[in-house]
Amino acid sequence: MDTKVPEQSPDPGPSEGTLELDMDSSSSTKKDEGETNEENNEPPTQQEHRTEGSPAKEAEQPVAVQGLKPNLKLVTTNNAESSGVPLVLGDVDLSLLSPGIKFGVPLSPSVLERDLQSPVIIIGQDVFQIIDDCPPPPAPFPHRMVTLRTGNITDLYDLNMDKILGGGRFGEVHLCTEKSSSLQLVAKVMKVQSEKDREMALNEVNVMNQLDHSNIIQMFDAVETPTEIFLFLEYVAGGELFERIIDDSYQLMEVDAMVFVRQICEGIFYMHQMYVLHLDLKPENIVCVSPISHKVKIIDFGLARRYKPQNKLKVSFGTAEFLSPEVINFDNVSFKTDMWSVGVITYMMVSGLSPFLGANDAETMNNVLSGDADFDEEPFELVSEEAKDFISNLLVREKSGRMSAGQCLKHPWLNDLARKAKLCNRLLKSQMELRKYMMRRRWKKNMFAVAAANRFLKSGSSGCLTSLVE
């Protein structure tokens with residue numbers, strides 16, 4: 001069940017695909033009297049992030065790749081075919097490309113034929129795929145301090161109710177356009193059946209008002225009607241990160257994972273600076289800016305909390321595969337709770353395997369509490385020791401032993417990316433494993449939908465989420 005923290009935003013309830021642990025929360029919210037702030041509960045500082053080779057300014061002005069000649073032409077196979085321009089050297093100054101590290105890996109002709117969307121350059125006889133680690137573009141509107149207001153939705157927005165981008169217990173997500181500006185957005189439509197539903201929406205609005213970062217989705221507006229609340233958010237067209245990775249035309253390499261994970265950590269580092277815990281980090285909540293981009297954003301702050309380190313905070317919901325031990329044990333959560341989820345996501349990205357996945361939620365949670373991450377599987381044969389060390393320092397059962405987001409950004413695995421990209425020319429074995437995982441996930445969702453429909457028919461009511469702890 002949900003817990004509440006004094007002087008904090010109302011607690012959100014679990015959403016579709018999340019677990020709600022049936023626990024006694026009578027002692028879940030207490031003032032941590034007489035306790036000084038432990039180092040592990042202190043929010044990250046700019047100084048922490050701006051040392052040892054991974055400062056924010058360095059991320060904005062990274063060192064250029066050495067050895068690339070200035071007379072290169074940036075093209076894609078798509079625009080080459082459409083324009084008739086051959087994939088050959090040109091007289092384009094690399095300084096004209098967008099800022100940031102552009103590094104690539106030699107591709108074979110057969111791979112180039114499959115991967116028709118990827119930007120490439122040709123140096124001599126070698127074709128290099130471009131991996132762009134520039135920060136994602138900001139939202140197409142300035143950061144806004146949103147207030148939930150009443151209004152007539154049809155006067156303000158055109159909603160595409162025929163196309164559902166996502167959905168769950170909270171409602172549905174649709175494409176929409178603001179009429180006054182023609183700005184394309186997404187609308188998260190939430191059914192309001194109780195005051196708790198309204199508090200959940202208000203919590204999400206209040207949290208997102210605090211967050212203004214290029215790796216975090218932005219909120220545009222919030223409108224309520226007598227029966228629904230509409231949250232209007234930045235539209236990101238690239239889809240889920242893992243859906244892109246498993247695409248047949250995509251070549252996943254370890255250096256790609258480094259670029260993705262670094263951006264995730266950049267977003268989390270900022271989030272924790274603003275005293276916000278996401279508490280539902282998982283692959284579905286990491287989306288690509290575009291189908292061919294290496295730029296990602298963190299979405300879905302429906303379960304996020306404003307966090308005060310001097311207060312004890314406990315939560316009883318989440319998604320089984322990504323739950324930290326302290327959530328399962330109903331212990332206090334902190335900034336390090338989000339970092340456990342980063343460890344699971346990274347493990348999956350480089351191997352295609354879910355480290356604690358069991359036959360059901362109960363078995364999965366038992367695996368989290370009793371097992372250690374195993375690197376003996378075949379997909380880890382070509383994974384670097386740096387990557388394994390990075391994961392090992394996140395999947396630590398005692399949260400005080402985990403790296404913070406700032407420490408992750410200073411870890412060797414997420415640094416010196418330009419040199420690693422030039423040296424890296426091998427594929428990970430994770431794509432096939434990730435495809436199997438995604439198929440299992442889709443099958444499981446379908447089974448849940450059928451089971452829920454059957455329960456509805458038998459009971460004549462919508463029912464509730466079943467307890468995850470017996």
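Analyst: A helix here is a DSSP run of H or I with at least four residues, numbered from the N terminus. The model is predicted. The protein chain comes to 15 helices and 16 strands.

User: What makes E266 and R262 about one helical turn apart?

Analyst: Both belong to helix α8, residues 254–273, and they are four residues apart in that helix, so about one helical turn separates them.

User: Why is the contact of E266 with R262 called a salt bridge?

Analyst: The rule asks for a side-chain nitrogen of Lys or Arg within 4 Å of a carboxyl oxygen of Asp or Glu. For E266 and R262 the closest N and O atoms are 3.7 Å apart, so the pair meets the rule. Both residues are also buried. As background, side chains of opposite charge can pair when their charged atoms come close.

User: How many salt bridges does this rule give?

Analyst: The count comes to twelve. One of the pairs is E234 with K297, whose closest N and O atoms are 2.5 Å apart. This pair links distant parts of the chain: E234 is in strand β11 (residues 228–234) and K297 in strand β14 (residues 296–298), 63 residues apart. E234 and K297 are both buried. Elsewhere, K188, E204 and D300 are linked in a network of salt bridges.

User: How do you know that K282 and D280 are buried?

Analyst: Buried means a relative accessible area under 20%. K282 has 6%, so K282 is buried. D280 has 4% and therefore counts as buried too. The two form a salt bridge with each other, with the closest N and O atoms 3.7 Å apart.

User: How much of the protein chain is buried?

Analyst: Buried residues make up 52% of the 470 residues. The chain exposes about 21700 Å², of which carbon and sulfur atoms supply 51%.

User: What is the phi of Y275, and is this residue buried or partly exposed?

Analyst: Y275 has a positive phi of about 60° although it is not a glycine. Most residues other than glycine have a negative phi. Y275 lies in the loop between α8 and β12 (276–277).

User: What about L279: buried or exposed?

Analyst: L279 has a relative accessible area of 11%, so L279 is buried. This residue lies in the loop between β12 and β13 (286–288). L279 also has a positive phi, about 70°, although it is not a glycine.

User: What makes a space in the model a cavity?

Analyst: A cavity is a set of points where a 1.4 Å probe fits but cannot get out. A search of the whole structure finds two cavities of 30 Å³ or more. About 120 Å³ of space lies in the largest cavity.

User: Which residues line the largest cavity?

Analyst: The lining has 14 residues, and L279, D280, F322, L323 and S341 lie nearest the centre. Two elements give two or more residues to this lining, β16 (317–318) and α10 (335–351). The largest share, three residues, comes from α10. By class, the lining of the largest cavity has seven nonpolar, five polar and two charged residues.

Key. Residues are numbered from 1 along each chain as its sequence is written. This is a predicted model: local features need pLDDT of at least 70, side-chain atom pairs count only at pLDDT 80 or more; totals for chains, interfaces and linings use all residues. Side-chain values use heavy atoms; hydrogens and water are left out. On a 1 Å grid over the protein atoms alone, a cavity is a set of points where a 1.4 Å probe fits but cannot get out, and a pocket is an open set with protein on both sides within 12 Å along at least five of seven lines; lining residues have an atom within 4 Å of a point. Grid points are joined across faces, edges and corners, and a volume is the space filled by probe spheres set on the points. Ala, Val, Leu, Ile, Met, Phe, Trp, Tyr, Cys and Pro count as nonpolar, Asp, Glu, Lys and Arg as charged, and the others, Gly among them, as polar. Buried means under 20% relative accessible area, exposed over 50%, partly exposed in between (1.4 Å probe, protein chains only). Accessible areas come from the Shrake-Rupley method with a 1.4 Å probe; for residues, only the protein chains shown count as cover.
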